[in-house]
Amino acid sequence: MAGDFVVDIGGPDDIVAARQAGRELAGQLGFSLTDVTMIATAISEIARNITSFAGHGEIRIGVEFRDGRQALVVHAEDDGPGIADMERAMEDGYSTGPGLGLGLPGARRLMDRMHVESRPGKGTVIEMWKWVPDGA
């Protein structure tokens, strides 16, 4: 993605930086305040999962075409333990860690689309996007 924001994720300060990058780009693209908040929250959830389960990863935020339309795209990648049971991981309340199990399903609800690819022992790649408002 050209002109991306790239944030290395390794701790709480990085979660804040990724969230802020998402807010900044969403604001530039003309998203409503509600959508900006939803995008920032989804980014926080995914970044928090990286720090909680993988320890380190990267989030890139940019603009790409998806299905013939412009979208704000969030690409998160880590080389952590991966997700053994993807179906369960997308259910509210399921967690293999100390959280409430709302991260992935919550982020999926906040964004227009989400794709998760994970291989146990190899890491996880999450791509989620929100359509850019018409006229932006």
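This is a predicted model: local features need pLDDT of at least 70, side-chain atom pairs count only at pLDDT 80 or more; totals for chains, interfaces and linings use all residues.

Biologist: What do the side chains of glutamate 45 and arginine 48 form?

Modeller: Side chains of opposite charge can pair when their charged atoms come close. Here, glutamate 45 and arginine 48 meet in a salt bridge, at 3.8 Å from N to O. Glutamate 45 is partly exposed, with a relative accessible area of 24%, and arginine 48 is likewise partly exposed, at 39%.

Biologist: How many salt bridges does a search of the whole structure find?

Modeller: The search finds 5. One of them joins lysine 130 to aspartate 112, with the closest N and O atoms 3.6 Å apart. Lysine 130 lies in strand β5 and aspartate 112 in the loop between α4 and β4, so this pair ties together parts that are 18 residues apart in sequence. Lysine 130 counts as buried because its relative accessibility, 6%, is under 20%, whereas aspartate 112, at 29%, counts as partly exposed.

Biologist: In what order do the strands of the open sheet stand?

Modeller: The 5 strands follow the order β1-β2-β3-β5-β4, with antiparallel pairing. Strands β1 and β4 stand at the edges with a single partner strand each, so one side of each has no neighbour in the sheet. From one strand to the next, the twist averages 20 degrees.

Biologist: How many bridges join β3 to β5?

Modeller: There are 8 bridges between these antiparallel strands. As an example, glutamate 77 has valine 125 in β5 as its bridge partner.

Methods:
Residues are numbered from 1 along each chain as its sequence is written. Side-chain values use heavy atoms; hydrogens and water are left out. Two strands pair if DSSP finds at least two bridges between them. Helices (H or I, at least four residues) and strands (E, at least two) are DSSP runs, numbered from the N terminus. Axes are lines fitted to C-alpha atoms, for helices over the stretch in contact, and angles run from 0 to 180 degrees between N-to-C directions. A salt bridge is a side-chain nitrogen of Lys or Arg within 4 Å of a carboxyl oxygen of Asp or Glu. Buried means under 20% relative accessible area, exposed over 50%, partly exposed in between (1.4 Å probe, protein chains only).
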